[in-house]
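Work through the exercises below with the sequence and the 3D view at hand. Each task is followed by its solution in steps.

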Amino acid sequence: VFIIEPKRDSLTGNIGFTGEAFRQPNRVPHPSHLLSGIQIVAEQEGVHVLLLNSAPNLEWAKVDGLFLCEPDAATVLRSAPETMPCVSLLMPLPNISSVVADDYEGSRAAALHLLNLGHQRIAYLQTDARAQVRPRLQGYRAALREAGIKPQPEWINELTDLPDGLGNLQRGHRIMAQWLKSDWEKLGCTALLVQNDEAAIGAIEALWQAGIHVPEQVSVIGFDGTELCDYCSPRLTTVQVPLSDIGAAAAKVLLEQINTGNSEPQFIVLPTTLREGESTAPPPSR
C-alpha cells in the first residue's frame, strides 16, 4: 500500500535555515555571508527566511523549504517531512541538492602559491576530520605530488582530543602550540596551510608566542576569506570562498523546487580564489 502525502493547498511564504554555527557560543562569520546571498534572492521573490533550530519537534508546517548548513544534517532530514524541499550549503549530501565551493582546487591553489614562493616542506593543520573539509586536505596533497614532493604524514596535524566548546581560533592555537612543543622544529616546515581562517589566526598567535615570525620564518595561509583576515596581523593570505554567491545560488534552487515541485537533486560547485595578504613570503634562507 502506497500512501501519498497530499500537497499543501497554499504556501507559507517562509523558507527555513538551520545551521550549527547559530547555536554555538563561538560563532563563525561565514553563515552571515551565506544568509546575505539567500536574503537578496528571498526579497526579490517576496519570501521570508526563518532561522530554525534542529529539534525533532520543529513545526515543519511553518516553512515551505529548508536550507541545511550543519554537520548533523542527516538528523535534521530524518525529522523533516519526506516531501520537504531541501538544499545543503557547503556540504554535499546524497540525494539532496547541494551548493558547495570548490575546496579541492582552492586548497590546491594555496599549496601551489607556497610552492611557487619556494617552499618545499609545507605543513597542514586541520581542526577536525569532517567529510566537508576533506577536499581541502586532498587538494593540498595533490599540489605537493604535482611538484614531485611526497606529503609526509607528520606534516599533517589534526588534534582530536580537544575539549568540547572550543571555537576554531582556540583550536588552531591549541593545536599549533602543542605542535611547537613536540616535533615542529624537527620537521623543518617553512609554511603552513590551515583548514580555516580562524584556526590560521590562532596558529599565527601561537607561532608569535613561541618567537616565530610570520611570514619571515613561517608562511601561513587560511581558508574561507571572511573579514577576519583583514583584522589579522599580518593580514592573512586566504582562499576566498564565494559565500554570498553560494547562498544566492542555493536560494534559487530551493525556490525552484518549491514553485515547480521538481525535486531532482542539483549539484552546483562554485570556484574559489586565492586572496593574497601579508602572511606569506619566500622561505628563509638557511
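Helices (H or I, at least four residues) and strands (E, at least two) are DSSP runs, numbered from the N terminus. The model is predicted.

**Exercise 1.** Where is Asn95 placed, and is Asn95 buried or exposed?

Step 1. Asn95 sits in the loop between β4 and β5.
Step 2. Exposed means over 50% relative accessible area.
Step 3. The relative accessible area of Asn95 is 69%, so Asn95 is exposed.
Step 4. Phi of Asn95 is near 65 degrees, a positive value in a residue other than glycine.

**Exercise 2.** Find what Pro265 touches beyond four places in sequence.

Step 1. Locate Pro265 in the loop between α9 (243–260) and β11 (267–270).
Step 2. Its contacts are Asn95, Ile96 and Ser97, leaving aside residues up to four places away in sequence.
Step 3. Take Ile96: 169 residues separate Ile96 from Pro265 in sequence, yet their C-alpha atoms are 5.3 Å apart.
Step 4. With a relative accessible area of 39%, Pro265 is partly exposed.

**Exercise 3.** What is the angle at which α1 and α9 pack?

Step 1. Helix α1 (residues 30–45) and α9 have axes 7 Å apart and pack at an angle of about 45 degrees.
Step 2. Therefore α1 is oblique to α9.
Step 3. The crossing of α1 past α9 is right-handed.
Step 4. Residues making the contact include Leu34 and Val41 of α1, and Ala248 and Leu255 of α9.
Step 5. By class, this contact has 8 nonpolar, 6 polar and 2 charged residues.

Terms used:
Residues are numbered from 1 along each chain as its sequence is written. This is a predicted model: local features need pLDDT of at least 70, side-chain atom pairs count only at pLDDT 80 or more; totals for chains, interfaces and linings use all residues. Side-chain values use heavy atoms; hydrogens and water are left out. Buried means under 20% relative accessible area, exposed over 50%, partly exposed in between (1.4 Å probe, protein chains only). Contact means heavy atoms within 4.5 Å. Axes are lines fitted to C-alpha atoms, for helices over the stretch in contact, and angles run from 0 to 180 degrees between N-to-C directions. Angles under 35 degrees count as roughly parallel, over 145 as roughly antiparallel, 65 to 115 as roughly perpendicular and the rest as oblique. A crossing is left-handed if the near helix is turned anticlockwise from the far one by less than a right angle, and right-handed if clockwise. Ala, Val, Leu, Ile, Met, Phe, Trp, Tyr, Cys and Pro count as nonpolar, Asp, Glu, Lys and Arg as charged, and the others, Gly among them, as polar.
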